[in-house]
Structures are given as C-alpha cells and as structure tokens.
Amino acid sequence: MLATTPAITSVQQVTRCPSPPTPVKSGGSTKVLVTLGVTGEDPMPSLATFRRQQAESSSVTPQKSSICACTMGRNISKFLREWALYHSAIGVDQFFIYDNGSEDNLAGLVAQLSSGLNITTVPWPWTKVQEAGLSHCAATQQASCQWMAVIDVDEFIFSTSWAGLEKPSKSLLEPVISVDDSVGQIYLACYDFAPSGQTAHPPEGVCQGYTCRLKSPQRHKSLVRLDAVEPSLMNVVHHFKLKPTFKSIWTAFARVNHYKYQAWSEFKVKFKRRVSAYVADWKDPINLDSKDRAPGLAVDDTEPKGWAQRYCEVKDNILQLLTARWFGVGFGNPH
C-alpha cells in the first residue's frame, strides 16, 4: 500500500477521495492504482487509477464550453446521429456518451461524427449505474463545461418560439442559461411522445416520425451548472443535488420532447434493459408506479392491442416541420 486517504463522500456507487500525498511513487509509472476499503470488509479492487496532473506549459486557461450534453445508452447508434446533429446546431458544444455495453458499432459511428462534432465515448459496461455515470461526467468535466444537459438520446431540447426560424443557430439555448449566478440548475418540462401510428422505426428519424404526444408533461430534465453540483455528486438522473448556495428554477424558454413511446419493436427493446429505470428488467413486479414504465402496461412484454395509436392526446408536429426545414427529411440517417 502506497498511501491511504479517507473518503470525502460515498453515495450511489460513487466514492470521492482527496489526492494522495506527494510524492507517491509507483514503480516509475505515472499512474497509481486505486483500491476501495470499507470498514469491516475486504478491500475492493477497481479499474480506477490516479494520475497527478502536470503543470500546464502555457499560462493560458482553456476556455470552457457553455453547454455540454452527457448521456448513457446501449445500442444507440440508430438514434445518435440525429440527436447529436440537432443539439450541436442549437448550441451544445460537447457530447459525452457513456457506452453501456453497445454491440451496434457505436465506436464507428462516433468516429464518423467526430469529424464535425466534439463527441467523446466513455466505456461504462456496468448495469444499474446511470447515476454513477452522470456523477463521473459532472466531476470530470467541470473544467471544460459550464452547463451540462442531462438528457437521453430520445430527448430533444426544443422551444415553440423557434417555429418560424428558417435555420438553426448556436445561440438558441442562450436565453435558457442566461440566469442569475445563484441559479445552479434549470428544469425543463418533459413531454412524452406517442407511437404516432408507427409500427417500425421511422426512416426519417424520431423527431420527424413521431408527431403526437400526451397533453401534459410527465416529468422533467435539466441543465446543471457544474460548479454548483454538491460534492457528493448525488443525482436522481433527472437532476443533481446542489451546493446550499445555489437554487434550481424552471424555465419558460424551452422544453424537452421525449420520444418515449416509440414503435413497439423499439419500445420493447429499450425497456427490457433500461439503464435508467429502478428495475433491471421491466418484467420484475416491483415499483409498478414508476414513470419509467408505460401507463397500464405493468410487467407484460407482449404488444398491447392498439399500441401504435396509444398515448396520442395532442397532435404536435412542430419539431417535425422545423427540422425538415432546417436539415431536410431524414437528416439523422447516413446518406
């Protein structure tokens, strides 16, 4: 054992410790292996390493991005291009994709997108650890991002005030984050979209293929100021716990279009292994009232009669028309 330091915080599978004392030598390596010890239990090995930061050769401080987006997913290549291109066009500067064991050549797609977007993949193969992944993103990106959007790849930040715009602008999200310094988190109402008559993944993409939704918002997503996040990094996926000097507010400038109830073939796969749900498998008969489940679906994985017409209370094709004008039909698909 080279050095021992007490944990500062430990919550949601995330343990934070101070840096080891200087100097710490590790056989000439610049990395130090980390082991977590719990009182009364055997030490737990981990994949974590510590590397002491070297002094910058330049006195120039790197400029922070205004907005980054962090998400976790598995086999999301079908959806990622559309989601990333859209959010880049409205003002998201960097993307951090926590890969939860994808088998659909996600790395290849990210390599393609990287020619025009600042997008990074972080391997995160464990189950039931979305909160820990978001904590990791919030902790490691404080130096590079001012605000972090906590959204999934089936969620699109959108404002009805953009409906008349002929083209997108990277300044569109500025009114959302133009808030007092005491605001550490901004809540966005989340509207759940319906299958909209689709029986398979729409080739034009989700925001152009799904055009009706539930009338009222079901939950929220958020933009969090990373300097305001409480040191424990505690979060409930949709928002973070903040330091006492910061507050959370709702915004009227934008909302989230959540393409939740997709064609049955997509919905079934998504919810059978949902990393953000409170259960590992939707057929587990626990937490049946969770909003991660579909109303009235319970634990059955057989397509309900009339699924394609469910949850369609309000026609809403504003984003469909807008993205077709901005980018063309099917802009998220490779050509």
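User: Before we start, what does buried mean here?
Analyst: This is a predicted model, and the term rests on relative accessible area, computed with a 1.4 Å probe on protein chains only. A residue counts as buried when that value is under 20%.

User: Good. How many of the seven residues of strand β12 are buried, and what follows for the strand?
Analyst: Strand β12 covers residues 219-225. Arg219, Lys221, Leu223 and Arg225 point one way, while His220, Ser222 and Val224 point the other way, and all are buried. That's seven of the seven, so β12 is largely enclosed by the rest of the structure.

User: Which residue of β12 is the bridge partner of tryptophan 147?
Analyst: Look at strand β8, residues 145-150, which runs antiparallel to β12 with four bridges joining the two. The partner of tryptophan 147 in β12 is arginine 225.

User: And which residue stands opposite arginine 219?
Analyst: For context, β12 also pairs with strand β10, residues 183-192, in the antiparallel sense over six bridges. Opposite arginine 219 stands cysteine 190.

User: Over to the helices: are α1 and α2 roughly parallel or roughly antiparallel?
Analyst: Helix α1 spans residues 77-90 and helix α2 residues 106-113, with axes 10 Å apart and an angle of about 20°. Angles under 35 degrees count as roughly parallel. So α1 and α2 are roughly parallel.

User: What's the make-up of the contact of α1 with α2, by class?
Analyst: From α1 come Ser77, Leu80 and Arg81, which meet Leu106, Leu109, Val110, Gln112 and Leu113 in α2. Sorted by class, that gives five nonpolar, two polar and one charged residues.

Key. Residues numbered from 1 in each chain as written. Predicted model: local features only at pLDDT ≥ 70, side-chain atom pairs only at ≥ 80, totals over all residues. Heavy atoms only, no water. Axes fitted to C-alpha atoms, helices over the stretch in contact; angles between N-to-C directions. Parallel < 35°, antiparallel > 145°, perpendicular 65-115°, else oblique. Contact = heavy atoms within 4.5 Å. Nonpolar A, V, L, I, M, F, W, Y, C, P; charged D, E, K, R; others polar. Buried < 20%, exposed > 50% of the residue type's maximum accessible area, 1.4 Å probe, protein only. Pairing = 2+ DSSP bridges.
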